[in-house]
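Please open the structure in a viewer and keep the selection tool at hand. The stops below proceed from one selection to the next.

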Number of protein chains: 2
Amino acid sequence: MEVKELKDKNAEVKILDAARKVFLEKGLAGARMQDIANEACLNKALLHYYYRSKEKLFQTIFQDALLNFFNNMQEIMNAPISLFEKIELLVAKEIDTMNSCHRLPIFIMNELTQDPDSCLMKMKNMEMHKLYAKFRDEVEAEVKKGRIKKVNPDHLFLNLLAMTGYPFIAKPVVQGLFELEEEGYSDFIEQHKKDVSRFIIDSLKP
Amino acid sequence: MEVKELKDKNAEVKILDAARKVFLEKGLAGARMQDIANEACLNKALLHYYYRSKEKLFQTIFQDALLNFFNNMQEIMNAPISLFEKIELLVAKEIDTMNSCHRLPIFIMNELTQDPDSCLMKMKNMEMHKLYAKFRDEVEAEVKKGRIKKVNPDHLFLNLLAMTGYPFIAKPVVQGLFELEEEGYSDFIEQHKKDVSRFIIDSLKP
DNA sequence: GTCTATAATTTGATAGAC
DNA sequence: GTCTATCAAATTATAGAC
């Protein structure tokens, strides 16, 4: 690829930002190229000029969203800290990430089940299993040492992901249940962050 | 409405069954009337004859899915059983419901965020808050009696929903993390059912 | 009620001027 | 690179025969 002028780069970026917003909001099937063009204050033709097709543009956005979602985990998993610290960090970081974009988790989960071919392949490329292996080994080690209760690390980890992700995935349900408007919702999430860490760590104490 | 002949009723029902399957799988935006017609082994025109428009057909399916999803809860909430029994029943029943249709929770959550107008109104009509109030009061009562730890019932209930719903919502991620094929997945869910009840009830013991 | 054929609209994609 | 105008395909919806 050749050196790009500033204007070129700006259009490319503007399109990506607009596409991210529209795809996150509406999903692949619901998003319209015209919506993205409007959001970017450009015309449809330019979207195709830079990204060829809706599908290609979507894949760019989706890949990026996956990284955004799972990168925190990768880092924390490999950090030289205690298991309890890892749990607290995982919960806090994941919630913060989703808090900056409430639709992120449901977007990812929904698209993953829509396109098993290309999306699931990307999951395998991220080597989810290796990402998790370190956590599992540490839990098993702590169990053997008798420092925490005997738990199944698979279910423990799934529960952690569940309690951090679900409040965003089920946002309308949560708002209905607890009668929360947009502002009260933010406060609720902040409480929840602390509650989840405490909940998990409490449950591990022998 | 007049008395229907058998053949009429059959077509109506065949359409509903087909629509449920296609909408659940692809969502409102991704579903095609032609797919539904094919699935029902009928022609598109009949779908419009019975349900007027795609939107109307969808609303019928969505309303039904909402009831399916939240009806269990309603019943269990009002049953004359102990708090621990309620928790066990809620977890077991909700997981069983979703196990019969893995896409049910993500379908509901996704569509709820897509159409705040009509879908969210339906949520309010179901009076989610009242559904939950009984549970909250019971938790607070048990806390006062000192029978369970001092917990925030909102987060407790949200965590319960999270741990039951997330394994289905994030099915591809779970399969990637724990290297599960379709069969191993069913077994995993059965284990999870027991694990979640134990996890919650353990966490409540003073 | 059920079908075939077709209208009407939407939407992804391209051609071609600048 | 960016735009306007337009095409081609897909898709919802309807008309009308049976």
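Predicted model: local features only at pLDDT ≥ 70, side-chain atom pairs only at ≥ 80, totals over all residues.

Select B:R198, which is partly exposed with a relative accessible area of 32%; here buried means under 20% relative accessible area, exposed over 50%, and partly exposed in between, with a 1.4 Å probe and protein chains only. Salt bridges with shared partners join B:R198 with A:K149, B:D195, B:D202 and B:K205 in one network.

Residues are numbered from 1 along each chain as its sequence is written, chains are lettered from A and ligands numbered from 1 in the order in which they are written, and side-chain values use heavy atoms, leaving out hydrogens and water.

Next, select B:E142 and B:R147, a salt bridge whose closest N and O atoms are 3.3 Å apart. B:E142 counts as buried, at 15% relative accessibility.

Move to chain A and select A:K86 with A:E138. Their salt bridge has its closest N and O atoms 2.4 Å apart. Because A:K86 lies in helix α5 (residues 83-99) and A:E138 in helix α8 (residues 128-144), both of chain A, the pair ties together parts that are 52 residues apart in sequence. A:K86 is buried, with a relative accessible area of 1%. Over all chains, the count comes to 30 salt bridges.

Now select helix α2 (residues 33-40) of chain A, where A:M33, A:I36, A:A37 and A:A40 are buried. Seen down the axis of α2(A), the buried residues fall within an arc of 100°, so they line one face of the helix; the arc is that of the directions from the helix axis to the C-beta atoms. Just after α2(A), A:C41 has a positive phi of about 55°.

Finally, select helix α6 (residues 104-114) of chain A. Nine of its eleven residues are buried, so this helix is largely enclosed by the rest of the structure. The buried residues include A:L104, A:F107 and A:E111.

Technical notes
Helix = DSSP H or I, 4+ residues; strand = E, 2+ residues; numbered from the N terminus. Salt bridge = Lys/Arg side-chain N within 4 Å of Asp/Glu carboxyl O.
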